[in-house]
There are 2 protein chains.
Amino acid sequence: MTDNSVDILLVEDDRRLADLTAQYLSQNGFSVAVEFRGDRAMARFNAERPKVVLLDLMLPGTDGLTLCRELRQIFDGPILIFTARDSDIDQVIGLEAGADDYVAKPVDPMVLLARTRALLRRTEKTESRDSIADICLGGLRISDAAQEVWLDGEKVDLTTQEFELLCLLARHAGKVLSRKEIFRLTRGIEYDGLDRSIDGRISKLRRKLNDSATAPTRIKTVWGKGYLLAPDAWGDSV
Amino acid sequence: MTDNSVDILLVEDDRRLADLTAQYLSQNGFSVAVEFRGDRAMARFNAERPKVVLLDLMLPGTDGLTLCRELRQIFDGPILIFTARDSDIDQVIGLEAGADDYVAKPVDPMVLLARTRALLRRTEKTESRDSIADICLGGLRISDAAQEVWLDGEKVDLTTQEFELLCLLARHAGKVLSRKEIFRLTRGIEYDGLDRSIDGRISKLRRKLNDSATAPTRIKTVWGKGYLLAPDAWGDSV
DNA sequence: CGACATTGTCGAAATTTGTAAACCGAGGGG
DNA sequence: CCCCTCGGTTTACAAATTTCGACAATGTCG
């Protein structure tokens with residue numbers, strides 16, 4: 001899944017600084033991709049799939065803060081803002097925009113490295129849920145390897161896309177996934193805001209899993225947000 | 001939810017600064033415990049079980065850095081160091097010692113708050129999986145995981161927003177929440193002062209929970225302030 | 001008791017979702 | 001090559017949910 005992706009996406013318009021920083025990070029074991037323009041950053045993010053994003057705020061094209069908010073919609077990993085704008089209120093705004101850290105320029109690359117490491121230390125600890133054996137939730141068993149799903153001992157016949165969607169929801173059981181995220185993670189393209197294919201697939205999935213839209217026990221709708229797979233709310237293990 | 005534990009443990013020997021900081025954090029919805037001595041910090045941590053630790057480095061008793069490393073052995077949650085020692089190398093050492101963030105004194109409490117929130121945002125996202133205890137108040141049971149509400153054994157059918165609102169009130173049961181706060185926490189936008197959607201939702205919630213506006217037993221109106229969810233054993237004095 | 005501010009409730013308009021039916025393109029026989 | 005099937009997408013419309021303003025009811029203060 002997350003194979004040929006770089007570790008760090010560095011969004012910075014000052015090329016000399018960007019090169020220096022990238023070089024330092026590379027020397028310390030990270031693979032780095034550099035993007036100079038704000039308006040290309042999202043596309044670049046999609047292409048590179050980095051673990052961390054280091055973001056300058058003053059960018060040609062899109063504003064860095066806007067970028068941060070957009071990124072946050074589809075990216076769970078750490079975002080670090082580093083910028084010349086350094087007032088207290090700027091920091092607060094940056095952090096409220098969804099950034100994990102905010103450092104003022106000029107910044108010693110060593111500090112940037114230490115902070116990046118601190119962020120990764122925190123996120124990598126929890127992200128060990130990628131390619132495991134089976135996922136079991138209530139009467140549901142999802143075999144990732146065999147691409148099969150069993151419900152209360154009965155095998156459920158799902159199409160490829162239905163299976164992908166169920167897997168995705170299961171891997172993030174209990175968390176709401178927006179259509180935007182679902183689009184990105186299953187098809188790698190941007191959600192245009194009016195596509196209904198996800199809804200249709202959810203509808204079919206619900207039928208096959210004996211679930212209903214009005215009183216769902218497994219796949220729940222969070223109005224205005226997205227869908228979520230309920231974790232084992234059915235009594236057994238906690 | 002974790003109940004009788006505080007949100008934040010503040011370890012700081014300057015009492016005036018500690019009080020000021022603690023007060024500011026309290027005003028913004030966090031419960032805070034303050035510890036002045038480094039050598040008592042570990043014991044205090046065990047007693048309080050906070051979600052976050054804010055740590056000064058210059059302390060009587062144990063050194064802050066040592067404390068940080070020890071703490072890290074038994075504590076997975078966020079540790080934020082804030083100190084007067086501010087060289088780049090100090091930062092790196094602090095972060096390598098296991099801290100999640102490092103800010104230089106003097107620091108605006110607003111910034112400290114924003115950074116604490118950023119840290120909590122990141123850890124709570126992943127920790128919500130195993131701490132899915134239900135909230136129970138009188139005959140009311142709110143299951144955050146399953147997004148379900150039960151009243152006296154009967155399941156109550158709520159919409160997403162109604163559920164969000166009830167959850168919010170329940171998490172702060174006994175505390176008045178202004179429309180401004182409710183707006184910010186449920187929709188992330190500012191309250192314009194004349195929108196009535198909250199009131200409308202409260203109205204519907206009351207009906208579904210068999211509560212009345214004129215003689216409320218659960219959702220009480222605090223005139224000119226906002227709403228609050230009454231814990232069960234309550235008369236009417238506020 | 002007014003004058004004013006705040007809250008309760010209703011319903012129309014706008015937004016979002018559920019779902020069935022139409023559509024489309026890629027195989028797979030015949 | 002044509003026809004058929006199947007998975008997948010798009011369209012269309014109904015249903016559900018939310019927003020937001022109107023207006024009555026209620027509370028506060030002088």
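Okay, let's start with helix α3 of chain A, residues 64-74: its buried residues are A:Gly64, A:Leu65, A:Leu67, A:Cys68 and A:Leu71. Keep in mind that this is a predicted model. Now, why do those buried residues line one face of the helix? Looking down the axis of α3(A), you find them within an arc of 155°, so one face is what they line. Here's the bit of background: an α-helix has 3.6 residues a turn, so residues three or four places apart point the same way.

Still in chain A, four strands make an open, antiparallel sheet, in the order β6-β7-β8-β9. At the edges sit β6 (134-137) and β9 (154-156), each pairing on one side only. On average, neighbouring strands here are turned by 25° against each other, ignoring direction. Zoom in on β6(A) and β7(A), residues 140-143 for the latter: they're antiparallel, with four bridges. For example, A:Asp134 has A:Ser143 in β7(A) as its bridge partner. Helix α6 of chain A, residues 160-171, packs on this sheet and touches β6, β7 and β8 (148-151), with its direction at about 110° to that of β7(A).

Last stop, DNA strand D. How many residues surround it? There are 19, and the closest are A:Thr159, A:Thr160, A:Gln161, B:Thr159 and B:Gln161. Helices α6 and α8 (197-208) of chain A, plus α6 (160-171) and α8 (197-208) of chain B, each give two or more residues to that surface. By type, the surface has two nonpolar, ten polar and seven charged residues.

Notes:
Residues numbered from 1 in each chain as written. Chains lettered and ligands numbered in written order. Predicted model: local features only at pLDDT ≥ 70, side-chain atom pairs only at ≥ 80, totals over all residues. Pairing = 2+ DSSP bridges. Axes fitted to C-alpha atoms, helices over the stretch in contact; angles between N-to-C directions. Contact = placed C-beta atoms within 7 Å. Near = placed C-beta within 6 Å. Nonpolar A, V, L, I, M, F, W, Y, C, P; charged D, E, K, R; others polar. Buried ≥ 20, exposed ≤ 12 C-beta atoms within 10 Å, placed from the backbone. Arc of directions from axis to C-beta.
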